[in-house]
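Subject: Structure handover

Hello,

Please find the structure below, with the notes that go with it. Have it open while you read.

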Amino acid sequence: MSTLTLASEVAMKRLLILTVGLLVLTACASPTPTPVPDAVETTAPVIEVSSPDVVIASADVEPTHVSHLGFTISALVKEVAVGEGDMVKAGDTLMVLNTPDLQYAVVSAEADFNARTQAAQLQKADKVLYVNPNTGKKTWYSLPREVFLKAQAQADQAKAVWDTAAATYAQSTLTAPFDGVVVDVAVIPGELVQVNQVVITIADLSDLQITTTDLSERDIARVKLGQSVNVSIEALGQTISGKVIRISPVSETVGGDVVYPVTIQLDEQPDGLMWGMSAE
């Protein structure tokens, strides 16, 4: 082999060793870190501190007029004249109890009053005719005025008994105290009703108001009658103006906190407003 050829091979081997070494150095070197974009600054929501003159409270929508009705006597239900959702007028019959004994007492008292009134009118005459049952002889007698007055007093007493019986019998019929909607009927015909048991609830849903639920004792001193109020109804996405019309003089306890219910009258009632909706 010539010297030139040998030198070429040696040069080639050195070049190969150099190339491999460069590759090894490149592989072992730490990779270049990937540029990280600048962190985006996040700002926490700013909670606006309300003015010391502003009071905020949660509230519920309630009817201005709502009645939980029951009876003052106990008896079986004879008839339920309405159902949930029915519109009623003041004086409409809602429910009737089965009380035949009270009905008979009215009929009996009325008959007694009529009989005593007729007797008093007969004795009011200056003279009365007496027919002897044995001889058939007719005789006219003058009556003292005291006889008539006594008979009239007895008739008046009978009238008082009749009135009392009628009033007691009237308690077996439940009527609507105002125009409204029947929102609950708690009993069915044939069921026994106890004294003061709530059997029907009616409300005037055309006139709704706002009542606070968590107005603290710390804030109640800053609330005055007639103050203007902004009422936010989340379900409707609306804010309605109103004014304070009542501040409860008696506190309530909610979750261990002392609160005072405040009633707010809305300046207008928006469409879709319903009993029980939340407000602030």
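The largest pocket holds about 540 Å³ of space. Its lining is made of 22 residues, and those closest to the centre are Val55, Ile56, Ser228, Val229 and Asn230. Please keep in mind throughout that this is a predicted model.

Which strands supply the lining of the largest pocket? Strand 12 (208-212), strand 13 (228-233), strand 14 (238-247) and strand 17 (262-266) each give at least two residues. Strand 13 has the largest share, with five residues. By type, the lining of this pocket consists of 13 nonpolar, six polar and three charged residues.

Strand 13

In a regular strand the side chains alternate between the two faces of the sheet. Strand 13 pairs with strand 14 in the antiparallel sense, over six bridges. One of the residues to look up here is Ile233, whose bridge partner in strand 14 is Gln238. The two strands form a hairpin with four residues between them, and Gly237, in the turn, has a positive phi of about 65 degrees.

Next is an open sheet of four strands, in the order 8-5-3-10, with antiparallel pairing. Strand 8 (173-175) and strand 10 (192-193) each have a single partner strand, so they stand at the edges and one side of each has no neighbour in the sheet.

Going across the sheet, the pairings are as follows.

- Strand 5 and strand 8 run antiparallel and are joined by three bridges. Met95 stands opposite Leu174 in strand 8.
- Strand 3 and strand 5 also run antiparallel, with four bridges joining them. The bridge partner of Leu76 in strand 5 is Asn98.
- Strand 3 (residues 75-80) pairs with strand 10 in the antiparallel sense over two bridges. Ala75 has Val193 as its bridge partner in strand 10.

In soluble globular proteins, nonpolar side chains tend to be buried together. In this model the largest nonpolar core has 21 residues, and Met95, Val199 and Ile200 have the most contacts inside it. Strand 3, strand 5 (93-98), strand 9 (180-185) and strand 11 (198-203) each supply at least two residues of this core. A second, separate core has 19 residues, among them Ala59, Val61, Ile233 and Met277.

What does Met95 touch, leaving aside neighbours within four places in sequence? Its contacts are Phe71, Val77, Glu79, Val80, Ser172, Thr173, Leu174, Val185, Val187, Val199 and Ile200. Leu174 in this list is the residue that Met95 stands opposite in strand 8, and Val199 and Ile200 are the two residues named with Met95 for their contacts inside the core.

Ala151 is found in helix 3 (residues 145-170). Is Ala151 buried or exposed? Its relative accessible area is 7%, and buried means under 20%, so Ala151 is buried. Not counting residues up to four places away in sequence, Ala151 touches Arg116, Ala120 and Gln123. The C-alpha atoms of Ala151 and Arg116 are separated by 7.1 Å, although the two residues are 35 residues apart along the chain.

His65 lies in the loop between strand 1 (59-63) and strand 2 (66-70). His65 counts as partly exposed because its relative accessibility is 40%. Beyond residues up to four places away in sequence, His65 touches Phe178, Ile202, Ala203 and Asp204. His65 and Gly180 are 115 residues apart along the chain, and their C-alpha atoms are separated by 8.5 Å.

Asn196 is in the loop between strand 10 and strand 11. Its relative accessibility is 61%, so Asn196 counts as exposed. The phi of Asn196 is near 65 degrees, a positive value in a residue other than glycine.

That is the end of the notes.

Regards

Notes: Residues are numbered from 1 along each chain as its sequence is written. This is a predicted model: local features need pLDDT of at least 70, side-chain atom pairs count only at pLDDT 80 or more; totals for chains, interfaces and linings use all residues. Side-chain values use heavy atoms; hydrogens and water are left out. Buried means under 20% relative accessible area, exposed over 50%, partly exposed in between (1.4 Å probe, protein chains only). Contact means heavy atoms within 4.5 Å. Two strands pair if DSSP finds at least two bridges between them. On a 1 Å grid over the protein atoms alone, a cavity is a set of points where a 1.4 Å probe fits but cannot get out, and a pocket is an open set with protein on both sides within 12 Å along at least five of seven lines; lining residues have an atom within 4 Å of a point. Grid points are joined across faces, edges and corners, and a volume is the space filled by probe spheres set on the points. Ala, Val, Leu, Ile, Met, Phe, Trp, Tyr, Cys and Pro count as nonpolar, Asp, Glu, Lys and Arg as charged, and the others, Gly among them, as polar. A nonpolar core is a set of buried Ala, Val, Leu, Ile, Met, Phe, Trp, Tyr and Cys residues joined through side-chain atoms within 4.5 Å.
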